[in-house]
Each structure stands twice: as structure tokens, then as C-alpha cells.
Amino acid sequence: SGPIPHRAGIVRYRIVLVIPMKWVVFLPIASALKSTDLLQRWSMSSMSLPKMGIEEALKLRGQVEFPDQRFGGFHLMESLQEDHGTVPTTAPGSPGALPYSNVRSNGIGHPDPIGMSAGVLVLVYAAYSVYRYRREANRIISLFEANTQIKELSESAARGEPLPNIVVIRGHIGADGGDICTVSTGIDGLRERVGEIEQPKNAWIEIARQAKSDPQLRGVADAVVQRTGVDADDVPEVPEPGDPYARQSNNRGEGSLVVAEILVARICAKHQSIRREKTTKRVTIKRPRRNESYNCFHGRRVSERLHLIDLDGNRCDIELPPADAVGLAGVSDPPPLFLPVSDVWTEFTHYLRRDGVTGPSGRRQRLDDLPPMRLSDPYTLLSEFIFLDVQSPGDLGGFPGNPSVLENIGEAFRNGPTPANFLWEPRGFYDSVRGGGYDDVPSYASKHRKTEMVTARELLERAQVAAKENARYTPHCEPTFTRLELEQRRDEENCFRYTELAIPRGTPVTILARPMVAQAGTGEGADCNIRLVSPGCDEGPDPYVDAKNLKDRFRFRILKGHQVENLLRHRELNPTAYYGLAMVAMAFIGWAASGYPGLGA
């Protein structure tokens, strides 16, 4: 269950050569796939077509042959191994012709090799991620059983020995500075909601849940296990709705606190669609609710000289990762202290943009020009230190009795004469562009089309303008809705989400981090002071950096309690989300091979 063997690089390389100019077109399609209704329709339509089930679809030339016993060994069939990525266009019926390429007369569309190749790429990534998380879980258990203590790290550093890149250390958290206070407990509207955890549902987890229970999706699930080795039994049982989506927290955000962190996200409605019935010519507009998100504010308060006292009474300093989950250049990595479930689609696009792909000859194909992800799925956050996670009842983020919650937060993090800024992302306030790309802002957005940092007051002013323009000009309205109804639905479709955590002084914790020498000891037998930092942080040249650890993508974690189960529990839903992605990818392959039946319905 190690990294994908070299042949997998061939898959990525050849697929990208086929779709470099059309990848941007695929992004909005794939981002809208997170629907169990769509998944059912694809799987049923593709498997009900004559000779066009998923089994046959995967035999189309240009697809991959999946391995037998262990994950790995992916390789392309010969037709897509052209260096220029061209798809054969031999005549129907001739040797090597694409089957079903002439079935338009039978009501079935032409197979789309580009769509199938994109689906295979996603499938490979999803399957690899499931195995990666399994490997990481085993590594965490080994690190926990090692029972590393601060003193032994200090002694190793004093002897000049390299420190491990990843450690799991248990102890109690503290700080030399005074207590800090939370933000939400001082804001009307949020104060009354302290203790409530009400998270948006995770679309990928919901797909995985349905795939494990719905017999209509059995064919897709079987295809996934046959071709990737990833079975539904390989992923944990998915909790029923209400856990972890909605729960009560005993943490009230009060007392002697050493860390408090708040995340404000805009949750918006995207992927509106227009459906036309071929027979009746009836037009139906579908408008999802609160299905996409972006972080507009991330703030932290931390007491001075945060540290850990381990079980033997020894001390090391803690350097938290930066509070930078708000990004002008696109969706950033989720904030690690909140213990987020993987944002699978954003991770996939970041992976392509950062690493690119490598061909069998070693030639690198750069993909850093892919458009950035501006919106993502709403996060599923699992930290037991979270004491508030609520959504505003309306579009502008206010609560009954206090319409100025955003402005209050900006004032709480005031830096000198000006309040803290929030991220204005216009895509979070307008409908999706009909027939446009993922990164498009509607043409009817008269101004403020640029992503930028603004004050809370200016953000709200822009939001009100966007609401009026969107209701007046969006094509996703008549005949299903009236323009007045769109104005009334604005609060149902959009909101702001407020999430805050607090870590009390003296709390028993387990920390996953990278140990560094904070201060070298002097004299014979002198110990070195140790500091725990993020595993992925850049501390400058280090001869002991282990690239394998970085590829495993360990993140800085602070978990409540001293049990290994606490370390593993928050990772359990990650493979589940990727299994949902694999299900969608497999169904999409069959749908593309069938010529997208129902797309024009």
C-alpha cells in the first residue's frame, strides 16, 4: 500500500495530454457532481443502455486496466499512449475502432474519451487517497506506541542526532502568558448560540453513505472494488445525520483559556441548472441551497509562550501553524486546529496544480496554470475544542437583535485604527454563469468583480448590491420562480457560518507535530530546548527532511485526551469522503462512455 507505482504516472501523463485545453470546462461539471440524485441517474442510465453498462464502458479504448490484488500497476491501453494525446478516429467497425461511436441513431450519444479520461484521473486519485490514509493511520499507531517523551528528543538533539520528522506526544497544554478570551461569547446573537454545533452536510460523505446502503448503486460500488481494490468495507461506517453534523458541546468557551480561534465562512448557492423536457418542452429551474463556501475571515488569540508539559513533567514550546485560511489566490488549506475532514475536490486540484504530472520518460507536465479554486465544499470540522458552529439565518450574516455580527468580529480583531478585513469573493454572491467556466463572474455584476480584502461594512454593502443584481438579472429564474421569489429565497440559499474553538489551560492533549531544536544547550550534558512545529512548515535547509513524510501530508494536530482513538477518529471520515469521490468518478466514466444520456433532457 505504498505510493502509486511508476506506471500510474503514465496514466496521469497521458490523460493530461488529452485534456489540457478542456480541463477548465470539466471543472464546473465535476464540481456539480456532488449529488446522489445525479449519481443514481448516471448509474441507472448507463447500465440500462444496451451493451453500454459500466463494464463495457471501461473497455473503451483509452481507458486504464486496473490491477488485480494490490493497488498500483495502473497502465493505459495503447490508444492513448500517443505523445500528442490524439484519440484514434478509425472508422466504425474497423479493427481498433471505438465501440458505439456510431450509435447516435439509436438515441445514445457518442462516447467521450476526454470525459472518460478525466473520470479515470479522478478515480486513480481517489483510490490512492484511500490507501494513503490507511497507511497514515498505521503510521500514527506506530508513533503513538513509541510513547516519545520530550527528554529523549532533547537528549538526542544534544548528541547531534537527527530528530524524527513526525512525533506524537501526550501531555497537558499551558502558557506563560495570561488568559485569553473568545470572540463569540461577547457578541449578541452568537453568545446565545454557544454550545451549538450545526454543520452543513458533507456531500461526498453523503454519497458514500448512500453507496453503502442503496442497492441501485451496487453496480457502481462493485465496479470500484473490482478496478481499484477499494471496497466499501475499507472505509468506516458513516455516521447517520446529526453526528457529527449537529451536536451539543459541553465547552462553553469560558474559563482559563490559552488558545481561541474563529473561522467565518461565506456559504452560498452555486450550480444552478436549467432542465428542459424533450417531450413536453417544459422548462424547470433548479436552485440548490448553501452548497459551496469560502473562508472570509480567520482570526486567532493565543497566550504567550504556549507549551506542552509531557507525562514525565518535561516542557517543550508549541508554535502553531499560521492562521491563514483566507486566501486571495484561491481556496487555502483548511485550518488544522479545527480538524477538518478532507476537502477532496480542492485537494485534488491543488495536487494537480502543485505537483503536475510526470511522464514515463521523466518529462514534467506543469499544471500550475489551472484556474484556482475560489469556492469549495463547506468544511466538516471535528475538533472537540469547537464550542460554536452555527449558520446565520439570513444572507447578510446577522442574527435576530444584532445585524452587525460581522462588524463586531472585525472590531474584536482591530489592528490599530482600522478593524480587521474580510475577503470579498464575488463568486460567493452571484449565481453560477450559465454555460460558463468555473471561475466566471456573471457579466451582470456591474462592479466589485475583483477578489479583495475589505472591511465588514463594505462587504455587507457589496453583498446587498449583489443580491439585487442577481435577483434582477440571473437567467436561473423564470418560469419556475419569479424575480420577487428570488429576493425572498436569498436568505434560504446563502448565509455566513461562524465557528470558534477554545483550548483551556491544563487540558490533557495529544499533539502530532514535528520536533525542532528551539535552543541548543551548552556545556557537557546540557539538554536542548525542543519546539513543536507544523510538519509541513519551512524552517530553512534541513538535511534531515524526509520527503516521504511530507507526501503523507501529515498536518499539525492538537486533540483532546490521551487515547490513540482520538488521533484516529478524526481521520475516519477522510477515506469515506474519497470513497464518495471514487463512486462519482466511476459513474461519470460510465456516463461519458454512454454519451451523457439525459444531459439534454
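**Exercise 1. Helix α11**

Which residues of α11 are buried? Check the length of the helix as well.

Solution. The model is predicted: local features need pLDDT of at least 70, side-chain atom pairs count only at pLDDT 80 or more, and totals for chains, interfaces and linings use all residues. Residues are numbered from 1 along each chain as its sequence is written, and side-chain values use heavy atoms, with hydrogens and water left out.

Step 1. Helices (H or I, at least four residues) and strands (E, at least two) are DSSP runs, numbered from the N terminus. Helix α11 covers residues 456–473.

Step 2. The expected span is 1.5 Å times one less than the number of residues. For the 18 residues of α11 this gives 26 Å, and the end C-alpha atoms are 26 Å apart, so the two agree.

Step 3. Apply the burial cut-offs. Buried means under 20% relative accessible area, exposed over 50%, partly exposed in between (1.4 Å probe, protein chains only). The buried residues of α11 are A456, L459, L460, R462, A463, A466, A467, E469, N470 and A471.

Step 4. Find their partners. Contact means heavy atoms within 4.5 Å. The buried residues pack against several elements, including β9 (292–302), α10 (405–412) and α12 (483–493).

**Exercise 2. A loop proline**

Classify P479 as buried or exposed, and list its contacts beyond four places in sequence.

Solution. Step 1. Locate P479: the loop between α11 and α12.

Step 1. Read its accessibility. At 58%, P479 counts as exposed.

Step 2. Look past the sequence neighbours within four places. P479 is in contact with V283 and I285. V283 is 196 residues away along the chain, yet the C-alpha atoms of P479 and V283 are separated by 7.1 Å.

**Exercise 3. Strand β11 and its partners**

Which way does β11 run relative to β10 and to β19?

Solution. Step 1. State the criterion. Two strands pair if DSSP finds at least two bridges between them.

Step 1. Take β10 (residues 306–310) and β11 (residues 315–318). Three bridges join them, and they run antiparallel. I309 stands opposite R315.

Step 2. Inspect the connection. The two strands form a hairpin with four residues between them, and G313 in the turn has a positive phi of about 90°.

Step 3. Take β19 (residues 529–533). β11 pairs with β19 in the parallel sense over two bridges. Here I318 stands opposite L532.

**Exercise 4. Aromatic rings**

Find the aromatic pairs and classify Y133–Y578 and W424–F429.

Solution. Step 1. Set the cut-offs. Rings of Phe, Tyr and Trp (its six-membered ring) pair if their centres lie within 6.5 Å; planes under 30 degrees apart count as stacked, over 60 as edge-to-face and the rest as tilted. The whole structure holds ten such pairs.

Step 1. Y133 and Y578 have ring centres 5.8 Å apart and planes at 35°, so this pair is tilted. It links distant parts of the chain, 445 residues apart: Y133 in α5 (residues 113–146) and Y578 in α15 (residues 573–593). Both Y133 and Y578 are buried.

Step 2. W424 and F429 are stacked, with 4.5 Å between centres and 25° between planes. W424 counts as buried at 0% relative accessibility; F429 does so at 1%.

Step 3. Look for a cluster. Y125, Y133, F348 and Y578 form one.
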